[in-house]
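I opened this notebook to keep track of what I looked up, residue by residue, and of what I found each time. The entries follow the order in which I turned from one site to the next.

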Amino acid sequence: MPDHDTEMMSPRDVLKSVFGFDHFRGLQEEAINALMRGEDVLLLMPTGGGKSLCYQLPALCRPGMGLVVSPLIALMEDQVAGLRQAGVRAAALHSELAYEERLVLWEQLRRSEIDILFISPERLLASATLEFLKKCSLSLIAIDEAHCVSAWGHDFRPEYRELSILVTHFPGIPRIALTATADERTRLDLLKVLDMPRALVLTASFHRPNLYLEAQPKYSETRQLITALETKFTEGAAIIYCGSRRRTERISAFLNEKGYTALPFHAGLSPLEKKALLTRFRSGESLIVVATIAFGMGIDRPDVRLVVHMDMPHSPEAYYQQIGRAGRDGERAQALLLYGGDDVARARYWLDQAAVPDSERHVMRSRLEKMIALTETVHCRTKTVLACFGEEMEVSCGHCDNCRYPVATFNGIEAAQKVMSAIYRSGERFGSVLIAHILRGRRNEVIERYQLDKLSVFGIGKEKSELWWRMIIRQLVANGAVKLGNDHGGLALDREKARPLLRGEGELSLKEDNNLAQTYGRFAEAVRTETNLTSYEQILFAALKDWRREEAREQDIPPYIIFHDAVLRDIALAKPRTLSELGVVKGVGKSKLERYGKAVVDIIENPQA
Ligand code: ADP
Ligand code: ZN
């Protein structure tokens, strides 16, 4: 903002003139007002909720420079590029800055020519920087991705804990901590470590209505993955989360064979390889990243349309954080979780064996159990996941798998007894596939080698399919009556939980898995009817995207920093013929209007040019 003219303006005016928005969203106004009054704030808002504006606006409207602590260089650079597009004098100070760039930046800082400075915690805590910043006039300090202070979170960064010293070095400067992690424990930890006892705690709803949740039991994981990509992924990016490095390599190789552009990402890549992948990912190219959880924070590409979990995450928190990377632009995005009884049994087994203190094991176990319940739930999946964070949704979401295709349940006690007898009589050493074979009375080499066909349970379940029996076994694992008995995937009974079932006490409600083929067909339809542009508007939209790609290439920034898809779509719908008509479109601020207005209006006038 040349000459700091925003300092005299109200946040609402700056919202319109700089960012092009007419209204605040959700808790933005409350957070901003508190900071304007000089108070501390802890803001918990889901990904894509609009956290950045909450510090950007008061940083511009209060006198002095806004200081934003951020854990990742990629995150800082996106924010800086975005703000510069809006005409704000933003900069980032981190370890990758070249010597000359750093000199220029220091000079600008000395002359108070920066409105918002992004900084890594290491840089900020270096004594020279700290001494310098103490002499500057600061409007506020924002701590982005604040859950990094907590060892309970999944992105713990030791440097973040040192941020406790901010309050002594910058007394009286309002601070805002921002995170998308909803966990209560993390929240308390955060307030304590950052020493913000009087902070106004604002918690937004974590409901993301544009996320379409679905979970499928694994029958043939690669076929299920391909079907998901075919029906739910037409543009933008997709992220496929896997439980191990090996799997990321294998699955991305498989997808490339099938003609998809897929790249593996895991902690074993060299820094250079990682950087190359991130650059490609941020370029706006349509592609699939097959990743471990190492691919996480800083992934703020807005058009991730699909997130698939090939393996079950170990907590609802991790699950929700990972699927939260989809649909940041507010447009529809799909999340598909593939899970199997083996994942569940193995996760429980390893947790029992893990060398962690009991108190920690206890917390991990309760999270894991919640996650397992979430996979098998027959109720609204959105509602169930939000309940894990203590949020109560009044009505069902209407668009998760269980809402759209309600699941039939039945009393499964008899089936359970057959399964448990087969497990017990075969010596509690075989996995679900073989147990299903025994029940079906199928002869093969293993059955004969162990003489399993001599057992009384052999063939007692002929009337049902093998898949059907595996569905029962999987649910008994989730329920806890069946568990992993050894390191080789052998199933065993949990005596305590199995006993009442074997005695036939009470009911056991099991669900009948939906016919997958049918579900897929309906999904494909839902995705296709999504765009509501006329064919002429689609031509405009495509022309605008072509222009944006070219413009982004010239400026060497990701295309979405210029305009999001949603903004281009709104422009195609509104077909503005003048700059002032264009200025009314949501997401078109003054600076972008000046920069791009003419080009955009020209395209609307003549999209073929
Ligand atoms: P978060 O950091 O919480 O993940 P962002 O700050 O990146 O979310 O905002 C997500 C998207 O919402 C951005 O595209 C942003 O421009 C948009 N946005 C934020 N606030 C508003 C608002 N008041 N009106 C319209 N769009 C908004
Ligand atoms: Zn639902």
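I am working with a predicted model, and I began with Thr47, which touches Ala180, Arg208, Gly324 and Arg328 when residues up to four places away in sequence are left out. I placed Thr47 in the loop between β1 (41-44) and α3. Is Thr47 buried or exposed? I find a relative accessible area of 15% for Thr47, and because the limit for a buried residue is 20%, Thr47 counts as buried.

I moved on to Lys51, which lies in helix α3, residues 51-61. Lys51 is buried and yet has no salt bridge, and I noted that the nearest side chain of opposite charge, that of Asp144, is 6.5 Å away. Which partners does Lys51 have instead? A polar atom of the Lys51 side chain lies 3.1 Å from the backbone oxygen of Met45, and an N or O atom of that side chain is 2.8 Å from an oxygen atom of ligand 1. Leaving out residues up to four places away in sequence, I listed as contacts of Lys51 the residues Leu43, Met45, Pro46, Leu178, Thr179 and Ala180.

I then looked at the surroundings of the ligand. Which of the 15 residues around ligand 1 come nearest? They are His23, Gly48, Lys51, Ser52 and Arg328. I recorded a polar side-chain atom of Arg328 at 2.6 Å from an oxygen atom of ligand 1, and a polar backbone atom of Gly50 at 3.1 Å from an oxygen atom of the ligand.

I found Gln322 in helix α14, residues 316-323, and, at 7% relative accessibility, Gln322 counts as buried. With residues up to four places away in sequence set aside, Gln322 touches Tyr241, Ile293, Val307, His309 and Pro313. I also checked the C-alpha atoms of Gln322 and Val308, which are 14 residues apart along the chain, and the separation is 9.4 Å.

In helix α1, residues 11-19, I noted as buried Pro11, Val14, Leu15, Ser17, Val18 and Phe19. What covers these buried residues of α1? The cover includes α2 (28-36), α3, α4 (73-85) and α29 (590-605). Just after α1, I saw that Gly20 takes a positive phi of about 80°.

How many salt bridges does a search of the whole structure find? It finds 41 salt bridges, and I looked up several of them.

I took Asp358 and Arg361 to begin with, whose closest N and O atoms are 3.5 Å apart; both residues lie in helix α16, residues 358-376, three residues apart, about one turn of the helix. Asp358 counts as exposed at 60% relative accessibility, whereas Arg361 counts as buried at 13%.

The side chains of Glu376 and Arg474 meet in a salt bridge of 2.7 Å, N to O. This pair links distant parts of the chain, with Glu376 in helix α16 and Arg474 in helix α22, 98 residues apart. I find Glu376 buried, with a relative accessible area of 14%, and Arg474 counts as buried at 7% relative accessibility.

Arg495 forms a salt bridge with Glu428, the closest N and O atoms being 3.2 Å apart. Here too the pair links distant parts of the chain, since I located Arg495 in helix α23 (residues 495-502) and Glu428 in the loop between α19 (413-425) and α20 (432-440), 67 residues apart. Arg495 is partly exposed, with a relative accessible area of 42%.

Note on methods
Residues are numbered from 1 along each chain as its sequence is written. Chains are lettered from A and ligands numbered from 1 in the order in which they are written. This is a predicted model: local features need pLDDT of at least 70, side-chain atom pairs count only at pLDDT 80 or more; totals for chains, interfaces and linings use all residues. Side-chain values use heavy atoms; hydrogens and water are left out. Helices (H or I, at least four residues) and strands (E, at least two) are DSSP runs, numbered from the N terminus. Buried means under 20% relative accessible area, exposed over 50%, partly exposed in between (1.4 Å probe, protein chains only). Lys and Arg count as positive and Asp and Glu as negative; His and the chain ends are not counted. A salt bridge is a side-chain nitrogen of Lys or Arg within 4 Å of a carboxyl oxygen of Asp or Glu. A polar contact is a pair of N or O atoms within 3.5 Å; within protein, one must be able to donate a hydrogen and the other to accept it, and residues adjacent in sequence count only if both atoms are side-chain atoms. Contact means heavy atoms within 4.5 Å. A residue is near a molecule or strand if one of its heavy atoms lies within 4 Å of it.
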